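Here is a short report on a protein model and its two ligands.

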Amino acid sequence: MVKCSLAMDIGASSGKMFAGYMENGKLNIKEVHRFENKIIKKDEHFCWDLQALYAEIVTGTHVSRDQGFTPKSIGIDTWAVDFVLLDEKDELLTDAVSYRDPRTDGMMEEVFQLISKERLYLETGIQFQKFNTIYQLYYLKKHHPEILNKAKSFLMIPDYLNYLLTGKKANEYTNATSTQLVNAFTKKWDKELLGQLGINKEMFMEIFPPKSELGKLKPELSSEFGFDMQVLLPATHDTGSAVVSVLESDDTIFISSGTWSLIGVENNFPICVTKALDYNFTNEGGINYRFRFLKNTMGLWMIQEIKRNYNDRYSFADFAKMAEETGDFHSTVNVDDDRFLKPKNMIEEVQKYCSETNQVIPKTPGQVTKCVFDSLAKSYQTAINQIEEIYEKEFKTINVIGGGSQNEMLNQLIADTTEKEVFAGPSEATAIGNLVSQLIGLGEIENLNKARQIVKNSFEMKVFRSKHKTEGLK
Ligand SMILES: Nc1ncnc2c1ncn2[C@@H]1O[C@H](COP(=O)(O)OP(=O)(O)O)[C@@H](O)[C@H]1O
Ligand SMILES: C[C@H](O)[C@H](O)[C@@H](O)C(=O)COP(=O)(O)O
Ligand SMILES: [Mg+2]
């Protein structure tokens with residue numbers, strides 16, 4: 001049996017469990033379980049199926065043992081902002097409503113009547129997305145005050161899954177910052193802000209940073225598995241774990257490319273200047289209390305929805321190939337338009353947008369996906385220009401991580417559009433970042449710098465250079 005750590009990475013489109021262990025100075029990972037994560041409809045709201053996700057964690061742990069592993073620790077990471085509330089008996093008061101649910105429409109604007117956008121940004125440094133936790137809680141205060149009044153525990157999605165494993169309740173720092181309720185300077189819940197919003201401060205748990213140990217498995221679970229595990233806190237915000245895996249370089253911008261595209265740079269301080277506010281950048285918390293200065297852009301969600309609209313007839317690789325073969329088609333959309341957050345039919349929404357903007361309407365799967373890929377590359381270029389304007393410097397390279405790093409056509413398009421060197425990989429950056437954070441916490445890896453060197457030496461990266469530049473070299 002191989003002793004290992006388990007990383008449970010639950011993204012907005014899929015969940016993946018990896019067993020990870022060090023051997024000869026390299027990190028070895030093995031995918032032991034993968035499942036689809038999808039939104040379900042409950043009481044007229046779009047929700048996540050938390051019981052199903054918890055069952056997959058248990059299944060994955062059993063599978064890891066059956067595959068010859070003895071896990072000594074597990075770390076869970078998921079998407080941000082979403083949460084559940086528990087009552088005084090630790091019973092669920094709410095479903096895990098998804099950030100894609102329209103219930104927060106208009107809530108951000110109402111919050112601005114109480115607290116200015118500028119003040120919110122100055123204190124939290126967090127981007128304005130209408131689905132941030134602050135606006136979800138404001139919706140509950142306005143439409144379901146009885147729920148908020150009964151709430152004794154606020155747990156974000158990974159916190160709740162950790163609670164089911166250990167019986168321990170805590171909030172983890174990187175994910176807590178995505179709520180827009182944590183003060184960027186004190187790194188604590190902003191009690192004054194909560195008071196102004198009329199949201200009860202007592203339900204928030206103590207905040208623990210990545211690498212902390214939460215506790216051991218509940219006895220009934222360790223006897224079911226036949227072994228005990230430490231439940232450790234990686235950066236439980238999946239993008240926080242992904243960024244742990246990025247190249248350590250002052251000249252690199254990362255693009256965490258999955259359901260969402262998160263484009264940014266790691267910092268030791270929050271950047272809450274007006275330009276960052278105007279461009280809607282965020283300062284989400286990172287490992288070692290660093291900051292992830294980044295911009296959320298729609299990401300490959302649009303391709304996932306187009307794939308679903310075509311009844312899964314085509315693979316992601318098929319779409320990349322068809323888009324590449326489409327050639328002379330140049331219509332694009334603003335991928336950050338709210339209309340693409342949860343349209344009934346993504347293909348029709350893209351076509352409608354092109355028609356409304358007097359562009360050629362994409363008809364074939366290749367034209368539709370080329371339009372989306374070209375639009376994504378365009379939005380990446382805009383975000384990179386804004387980062388370089390704020391930093392007053394030119395970045396030389398881009399590190400594309402996450403599942404989207406497997407899309408070689410898109411990687412080449414990013415290189416051609418930005419004229420920068422693109423290093424693509426690792427595709428499982430989130431799980432890898434989750435694992436190395438656990439190993440640092442267990443004392444098996446000395447520190448973050450060493451962890452990043454191990455990641456670089458353990459996983460292949462492909463380089464893409466602008467065709468325009470290489471043509472010039474011929
Ligand atoms: N073989 C592939 N070729 C091209 N794109 C791929 C491939 N495999 C995955 N992808 C892209 O990666 C995305 C999923 O990335 P991932 O990081 O797993 O997302 P999340 O963590 O949000 O669930 C898919 O939506 C798809 O666009
Ligand atoms: C809602 C947030 O924008 C979202 O969680 C984003 O921060 C994120 O973590 C997306 O990660 P994926 O791996 O699901 O793309
Ligand atoms: Mg992910």
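Ligand 2 has 15 residues around it, and Gly11, Ala12, Trp79, Ala80 and Gly258 come nearest. A residue counts as near a molecule if its C-beta atom, placed from the backbone, lies within 6 Å of it. This is a predicted model, in which local features need pLDDT of at least 70, side-chain atom pairs count only at pLDDT 80 or more, and totals for chains, interfaces and linings use all residues. Residues are numbered from 1 along each chain as its sequence is written, while chains are lettered from A and ligands numbered from 1 in the order in which they are written.

Domain 1 (2–232) and domain 2 (246–425) each give at least three residues to the shell around ligand 2. The domain bounds come from an automatic or database domain assignment.

Ligand 1 is surrounded by 17 residues, with Gly11, Ser13, Gly258, Thr259 and Gly403 the closest. Both domain 1 (2–232) and domain 2 (246–425) contribute to this shell, so it lies between them.

The table gives each shell by class. Ala, Val, Leu, Ile, Met, Phe, Trp, Tyr, Cys and Pro count as nonpolar, Asp, Glu, Lys and Arg as charged, and the others, Gly among them, as polar.

| Shell | Nonpolar | Polar | Charged |
|---|---|---|---|
| Ligand 1 | six residues | 11 residues | no residues |
| Ligand 2 | seven residues | seven residues | one residue |

Two helices matter for the ligand 1 shell: H12 (301–309) and H13 (316–326) each supply at least two of its residues. H13 gives the most, with three. Helices (H or I, at least four residues) and strands (E, at least two) are DSSP runs, numbered from the N terminus.

In H12, the residues Trp301, Met302, Ile303, Glu305, Ile306 and Lys307 are buried. Buried means that 20 or more other C-beta atoms lie within 10 Å of a residue's own, with C-beta atoms placed from the backbone. The buried residues of H12 pack against H13, H14 (346–356) and H15. Such contacts put C-beta atoms, placed from the backbone, within 7 Å. Asn311 follows H12 and has a positive phi, near 50°.

H15 (residues 365–391) has 27 residues, which at 1.5 Å a residue should span 39 Å; its end C-alpha atoms are 39 Å apart, which agrees. The expected span is 1.5 Å times one less than the number of residues. Just after H15, Glu392 takes a positive phi of about 55°.

Now the whole protein. It has 19 helices and 19 strands. Its C-alpha trace spans about 65 × 60 × 45 Å along the principal axes. Of its 474 residues, 48% count as buried.

Terms used
A residue is buried if 20 or more other C-beta atoms lie within 10 Å of its own, exposed if 12 or fewer, and partly exposed in between; C-beta atoms are placed from the backbone. Two residues are in contact if their C-beta atoms, placed from the backbone, lie within 7 Å.
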